[in-house]
Amino acid sequence: HSSLSRLTRGKALFLIIVLGFGGTFQNGYHNTGLSSPSPFILSFINNSWSTRYEEALPPHMGTMIWSLIVSLYGIGALFGSLSINLVSGMKMAVVCNACISIAAAGIMLTSKAAGSYEMIIVARILYGFSAGLGQGIHQIYLAEISPKNIRGTVCQSAATFLSLGKLLGQFFGLSEILGREDLWNVLLCIPALFSVVEVLVLPLLPDSPRYLFIEKGDEKACKKALQTLWGDGEYREEIDEMLNEQAALKRAPPKSALHFQSLICGLPSLFQITIFSYDVFLKSGIPSDKIRYFTLGQGLFEMFTSIFCGLLIERTGRRVLLWGGYGVMSASMIMVTVMLYLQVGLGLVIFSGGPGTFGMTLNSELFVQSDRLAAFVITGSQRYLLFSTVGFAFPFLIKALEFYCFLLFACVGMVGCLYTFFVLPETKDKTLVEISNEFKAITISGKSPEKKGVETKL
């Protein structure tokens, strides 16, 4: 109740919603929006090839082109993540990124009339670039506008909008709406509508208070931004926290330490499986005309689980939900091999409720201002390299290993569970400087550096 009242005193809630639809929502939508029209896109590729070369498309070439359409999204996102380090000012970066999404939608929309599957590939690369840059900026922006006591609730909204994007991608993909052969290109352009709204609205909202204070040194503008977002007040506690962080940065040179984050961002490659959900459910014996309803139900469960677990974040802390989520997800991936549909849905629901939700929160909490952009470059690069690899390899994996391929994800989930349980400290109710200091003290032997433990470089 107190968190909700704080969000509604100023324009913070409105800003969170605008950022959400322009940030992780876009990534979620493009992850699932491609699944439903995949038969129509494959048909379009076949027809384009036949018209152009006057011969049938070889099956292996069709698989290759489809894999490129899926996986090059991840390559685009990789370059988008690498571009985060070039950002100066969150608000302007978000607006420019929205323009890229709008341009990609224009290319996608006209690809059908042009009879060019290459345009689909180009649009997917641009969508990926926009999603990679947008997701990083979204999480950084949320961390920089949120007070310490509700930072977890605010930052986890990124995961909620990711789930919402996936859900709406499945919903609009229903054959009764846009999941038809004549509208598949329109279906893949829906997120650009939110980008247009973002371009029009965001210039009216304040920039990040932490950016204004620490990077620009403008305390007056910082205080004004805090009051606009959170209502009237002096905000001495928040400003003092920024002063302490600024002083800590002057005492020690910036480091681009990755801490344990490689594990947290590695598992989101599981979301790539949802792009191939049509093929997976078809292999399990579900009638093709019913698959879209199965994926929609899965998306609804995932969305509600993300919201529910997000509400727990300030009560239980991050650590329990992370190692518990990884562990149960690993077990559910093992059961995928036995009972495919129910356990695929279950595994993704657990992922969105555990590591999928709080991984994004920790992404924003682990780094002080000077390290944050560099850290998001590294972690985003790894995330989308894995995303791209899984996207390209999964069609071949499922042909070769069938449902046994999910055991690979079970192994990664178990590693995440064990690492989080034995190594990760809690970050709840701590300042960014306190969190950074705790991670600097992590050692292989479990002792502090003062006790001659060997410091872990993660």
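At what angle do the axes of helix H3 (residues 24-32) and helix H9 (residues 157-172) cross? They cross at roughly 35° and come within 7 Å; axes are lines fitted to C-alpha atoms over the stretch in contact, with angles running from 0 to 180 degrees between N-to-C directions. The crossing of H3 and H9 is right-handed, meaning that the near helix is turned clockwise from the far one by less than a right angle. Residues making the contact (heavy atoms within 4.5 Å) include Phe 25, Gly 28 and Tyr 29 of H3 and Phe 161, Leu 162 and Gly 165 of H9. By class, this contact has eight nonpolar, seven polar and one charged residues, with Gly counted as polar.

The model is predicted, and local features need pLDDT of at least 70, side-chain atom pairs 80 or more, whereas totals for chains, interfaces and linings use all residues. Residues are numbered from 1 along each chain, and side-chain values use heavy atoms, without hydrogens and water.

Helices are DSSP runs (H or I) of at least four residues, numbered from the N terminus. Among the buried residues of H4 are Phe 40, Ile 41, Phe 44 and Ile 45. Just after H4, Glu 54 takes a positive phi of about 55°.

Glu 144 lies in helix H7 (residues 117-145). Glu 144 counts as buried because its relative accessibility is 5%, buried being under 20% relative accessible area with a 1.4 Å probe and protein chains only. The side chains of Glu 144 and Ser 208 are joined by a polar contact of 2.6 Å, that is, a donor and acceptor pair of N or O atoms within 3.5 Å.

Methods. Helix = DSSP H or I, 4+ residues; strand = E, 2+ residues; numbered from the N terminus. Buried < 20%, exposed > 50% of the residue type's maximum accessible area, 1.4 Å probe, protein only.
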